[in-house]
Amino acid sequence: MFDSLQALPADPILGLMQLYRNDAHPQKVDLGVGVYKNDAGQTPVMAAVKAAEVQLLAQQNSKTYVGPAGNEAFVALMKQLTFGECLSSVDDRLAAVQTPGGCGALKVAAELIKTASPTAAIWVSSPTWGNHIPLLGNAGLQLREYPYLSQCQTQLDWPAMQAAMDQVKAGDVVLLHGSCHNPTGVDLTLAQWQWLADKALEKGFIPFVDMAYQGFGDGIEEDAAGLRYMASVLPELLLAVSCSKNFGLYRERVGMVVAMCPSGGASVAATTHMLSIVRGIYSMPPDHGAAIVAHLLANGALANEWRAELDSMRLRIQQLRCQFADTMAALGYPEFQFVANQKGMFSYLGISQPQVTWLAEQKSIYLLSSSRASIAGLSRDNLDYVCHSLAQSITV
Ligand code: PLP
Ligand code: TYF
């Protein structure tokens with residue numbers, strides 16, 4: 001049976017992680033995978049997460065099954081974190097379950113859309129995160145693209161995106177990145193979210209917000225403003241949440257999927273379908289990471305410590321963005337100023353594929369072939385090396 005299988009290429013992002021690990025160059029730099037790193041180049045366990053984990057281990061007296069919906073306290077607290085002040089007015093219309101990471105949430109949502117409306121198309125930004133395609137497309141739904149970037153690849157092409165929204169049919173789904181657009185770092189303003197909400201009402205399409213970086217753009221509350229506005233005015237939306245980045249819980253696989261339904265009755269039915277989908281894929285999500293988040297968010301002191309640490313991570317990335325742009329300007333390349341204005345982990349540096357290859361082969365600096373760089377991979381120690389190498393790659 002397995003003789004017939006042809007080997008597939010590695011995931012371009014995770015494959016790059018392996019190349020970096022195998023590289024013995026003492027100055028190697030990983031600007032590939034979107035993982036937060038501190039100035040020492042490490043991805044430490046956040047202090048409040050570690051404290052919550054220690055307390056949890058001391059308290060936990062059973063490892064029995066939790067069930068397909070996962071940890072209920074986690075779901076309640078995460079709905080609060082994401083929907084904020086508008087939760088009380090929509091809570092009875094929300095169907096929500098804990099999932100294995102944001103990827104699990106995207107997959108469950110795709111299957112739910114497929115169940116509710118098999119002919120619906122999902123519209124994704126061009127470009128979008130590479131994994132959106134298999135996670136959403138493998139459910140058998142039609143994927144369509146809407147334009148997102150202008151020709152220069154560093155700014156939103158808002159008129160083109162607006163025009164595309166007129167093509168979206170009633171009942172179609174439009175995927176939006178909650179904040180810190182992956183791969184471009186180009187975000188929507190609140191006024192643009194409001195325009196999209198009006199358009200969704202007018203055309204009858206359903207926004208699907210992928211929130212994988214809450215707290216990395218402008219702040220925890222600010223990054224949810226678009227979602228919250230939409231939730232306050234629309235009858236329906238979908239939300240996929242990841243706790244991988246903002247709680248630093250990557251490998252624990254923590255996330256949540258939410259379907260906001262037009263009525264409480266519809267949300268009860270949607271929940272039963274979510275649970276059925278979950279049973280058909282992985283039966284129930286892992287508990288440990290979600291239990292950590294639930295413990296942390298329920299404890300005021302730990303929650304405050306976590307918020308402060310996340311704020312400092314966000315500020316560090318913003319500072320790196322500015323330092324990168326300033327250093328490039330000092331080297332004669334002021335055109336990289338856009339990096340300072342973008343949000344979150346990623347930016348397209350706008351260099352060609354041969355330049356990306358040259359940086360990897362000659363300088364052991366790894367970024368995606370699209371020129372997406374994970375800014376969190378920069379540090380005080382490697383910034384000059386990266387900027388000088390980048391400048392050199394432009395002249396060779
Ligand atoms: N959505 C986007 C845009 C992402 O960048 C990621 C990756 O971190 C995810 C979803 C899901 O991540 P995870 O499954 O690790 O929580
Ligand atoms: O885009 C990134 O780098 C992150 C991490 O299969 C990631 O979102 C990359 C690939 C993948 C899962 C997560």
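Biologist: Pro127 is found in the loop between strand 3 and helix 6 (132-137). What makes a stretch a helix or a strand here?

Modeller: Both are DSSP runs, numbered from the N terminus: a helix is H or I over at least four residues, and a strand is E over at least two. This is a predicted model, in which local features need pLDDT of at least 70, side-chain atom pairs count only at pLDDT 80 or more, and totals for chains, interfaces and linings use all residues. Residues are numbered from 1 along each chain as its sequence is written, while chains are lettered from A and ligands numbered from 1 in the order in which they are written.

Biologist: Is the peptide bond from Ser126 to Pro127 cis or trans?

Modeller: The bond is cis, with omega near 5°. Pro183 is found in the loop between strand 5 (173-177) and helix 8 (190-203).

Biologist: How do you know that strand 3 (residues 121-126) pairs with strand 4?

Modeller: Pairing asks for at least two bridges found by DSSP between the strands. Strand 3 and strand 4 are joined by six bridges, so they pair; they run parallel. For example, Ile122 stands opposite Leu143 in strand 4.

Biologist: What is the order of the strands in the open sheet?

Modeller: Seven strands take the order 2-8-7-6-5-3-4, with mixed pairing.

Biologist: Why are strand 2 (94-99) and strand 4 (142-147) called edge strands?

Modeller: Each pairs on one side only. From one strand to the next, the twist averages 20°. Helix 10 (residues 264-281) packs on this sheet, touching strand 2 and strand 8 (255-260), and its direction makes about 20° with that of strand 2. Such angles run from 0 to 180 degrees between N-to-C directions, with axes as lines fitted to C-alpha atoms, for helices over the stretch in contact. Contact means that the C-beta atoms of two residues, placed from the backbone, lie within 7 Å.

Biologist: What are the domains of the protein chain?

Modeller: They are domain 1 (10-44 + 315-395) and domain 2 (65-298), with bounds from an automatic or database domain assignment. Their centres, taken over C-alpha atoms, are 28 Å apart. The contact takes 18 residues from domain 1 and 17 residues from domain 2.

Biologist: Why does ligand 2 lie between the domains?

Modeller: Domain 1 and domain 2 both give residues to its shell, so ligand 2 lies between them. The residues around ligand 2 include Asp11, Val33, Trp129 and Asn182. A residue counts as near a molecule or strand if its C-beta atom, placed from the backbone, lies within 6 Å of it.

Biologist: How do the residues of the shell around ligand 1 divide?

Modeller: Into four nonpolar, eight polar and one charged. Nonpolar means Ala, Val, Leu, Ile, Met, Phe, Trp, Tyr, Cys and Pro; charged means Asp, Glu, Lys and Arg; the others, Gly among them, are polar. Helix 5 (residues 101-116) gives the largest share of that shell, three residues.

Biologist: How many helices and strands are there in the protein chain?

Modeller: There are 15 helices and 11 strands.
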